[in-house]
Amino acid sequence: MPVHEITDPDDDRIADYRALTDVELRTRWEPPHGLFIAEGELVLRRALRAGYPARSYLVDAKRVDQLADLDTGDAPVYAATPDVLQRATGFHVHRGVLASFHRKPLRSADEVLAAARRVVILEDVNNHTNLGAIFRGAAALGVDAVLLSPTCADPLYRRSVRVSMGEVFAVPYAKLDSWPGGLDQVRAAGFTVLAMTPAPDAVPMQRLTPAQRERAALLLGAEGPGLTAAAQAASDVRVVIPMRRGVDSLNVAAAAAVAFWELGRDDAL
């Protein structure tokens with residue numbers, strides 16, 4: 001595995017990795033150029049197993065041996081000191097391993113729905129940490145796919161990928177082109193749309209009927225504002241996680257995990 005030493009943080013060969021903490025810049029740069037950044041060896045290896053082609057690797061010079069078993073193909077491996085890495089990326093790369101990958105074509109919502117039994121739909125979820133945690137919960141707790149409203153954050157943004165521990169590569173996802181009109185598309189595919197809300201008149205999740213659970217599409221909104229009135233009106237059932245001690249809501253990723261477990265509690269193990 002040939003390794004190319006990088007001593008200049010402005011070296012054009014590592015342009016993919018510049019200013020990784022600038023969310024606005026990365027959002028404008030990565031999707032149009034068909035790339036994303038994976039951080040950490042575990043995440044990198046999961047991206048490769050999922051079939052994402054590597055563009056390049058950038059590692060701490062002391063960690064090059066961690067990639068010795070990889071078939072890096074035509075993707076160059078660049079190595080640099082921690083100082084050069086920090087100056088190039090804008091943060092201390094404490095995991096010491098980064099990689100740039102080509103994106104795959106985004107699947108259509110119809111394609112994703114056709115292969116799923118249980119899905120989660122996200123409206124305006126723009127916090128990358130929450131988005132990554134929801135993907136990880138979906139992978140762990142039996143949710144087959146994720147559908148995103150047009151204004152949701154990018155699941156392949158570095159922080160989402162890292163928080164998900166690479167599970168964004170394992171759970172199929174797609175965007176709904178219209179909102180909330182896209183919920184009709186979900187319903188036409190045979191799903192019951194369950195809108196999560198803390199409203200006192202919502203149905204406790206434990207009381208959903210077997211028919212409502214059979215092909216459930218769980219709808220969650222952004223941290224703070226929750227679901228819009230339009231999204232709730234376009235759903236089939238408004239549901240709530242009953243709470244104690246006067247707590248009125250949970251973090252959206254935590255609420256998602258509880259709801260995923262409840263919907264799948266009778267699944268065969």
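## Pockets and how they are found

A pocket is an open set of points, on a 1 Å grid over the protein atoms alone, with protein on both sides within 12 Å along at least five of seven lines. A cavity is a set of points where a 1.4 Å probe fits but cannot get out. Lining residues have an atom within 4 Å of a point. Grid points are joined across faces, edges and corners, and a volume is the space filled by probe spheres set on the points. Rolling a probe the size of a water molecule over the atoms shows where empty space is left.

This is a predicted model, in which local features need pLDDT of at least 70, side-chain atom pairs count only at pLDDT 80 or more, and totals for chains, interfaces and linings use all residues. Residues are numbered from 1 along each chain as its sequence is written, and side-chain values use heavy atoms, with hydrogens and water left out.

The chain is divided into domain 1 (1-100) and domain 2 (107-262). These bounds come from an automatic or database domain assignment. The C-alpha centres of the two domains lie 31 Å apart. Where they meet, 17 residues of domain 1 are in contact with 11 residues of domain 2. Contact means heavy atoms within 4.5 Å.

The second largest pocket holds about 350 Å³ of space. It is lined by 19 residues, and the closest to its centre are Tyr52, Lys104, Pro105, Leu106 and Tyr173. Why does the second largest pocket lie between domain 1 and domain 2? Both domains give residues to its lining, so the pocket lies between them. By class, that lining has 14 nonpolar, no polar and five charged residues. Here Ala, Val, Leu, Ile, Met, Phe, Trp, Tyr, Cys and Pro count as nonpolar, Asp, Glu, Lys and Arg as charged, and the others, Gly among them, as polar.

## The largest pocket

The largest pocket has about 450 Å³ of space. Of its 24 lining residues, Met196, Thr197, Pro198, Ser249 and Leu250 are the closest to the centre. Three elements each supply at least two lining residues: β11 (216-220), β12 (237-240) and α10 (252-263). Helices (H or I, at least four residues) and strands (E, at least two) are DSSP runs, numbered from the N terminus. The lining divides into 16 nonpolar, six polar and two charged residues.

## Helix α10

α10 has 12 residues. From first C-alpha to last, α10 reaches 16 Å, close to the 16 Å expected at 1.5 Å a residue. The expected span is 1.5 Å times one less than the number of residues.

Which residues of α10 are buried? They are Val252, Ala253, Ala255, Ala256, Ala259, Phe260, Glu262 and Leu263. Buried means under 20% relative accessible area, exposed over 50%, and partly exposed in between (1.4 Å probe, protein chains only). The cover over these residues includes β6 (119-122), α5 (128-140), β9 (192-196), α8 (210-214) and β11.

Leucine 35 lies in strand β2 (residues 35-39). Leucine 35 is buried, with a relative accessible area of 0%. Leaving out residues up to four places away in sequence, leucine 35 touches Asp16, Arg26, Trp29, Glu30, Arg55, Ser100, Phe101 and Arg103. Aspartate 16 is 19 residues away along the chain, and the two C-alpha atoms are separated by 8.4 Å.

Valine 193 sits in strand β9. Valine 193 also counts as buried, at 0% relative accessibility. Again leaving out residues up to four places away in sequence, valine 193 touches Leu183, Val186, Arg187, Ala217, Leu219, Ser235, Asp236 and Val237.

## One cavity

How many cavities of 30 Å³ or more does a search of the whole structure find? The search finds one. The largest cavity has a volume of about 30 Å³. Arg26, Thr27, Glu30, Pro31, Asp154 and Tyr157 line it. By class, they are two nonpolar, one polar and three charged.

## Backbone details in loops

A cis peptide bond joins tryptophan 179 and proline 180, with omega about 0 degrees. Proline 180 is in the loop between β8 (173-175) and α7 (182-188).

Methionine 165 has a phi near 60 degrees, a positive value in a residue other than glycine. Methionine 165 lies in the loop between α6 (158-163) and β8. Is arginine 245 buried or exposed? Arginine 245 is exposed, with a relative accessible area of 85%. Its place is in the loop between β12 and α10, and its phi is near 55 degrees.
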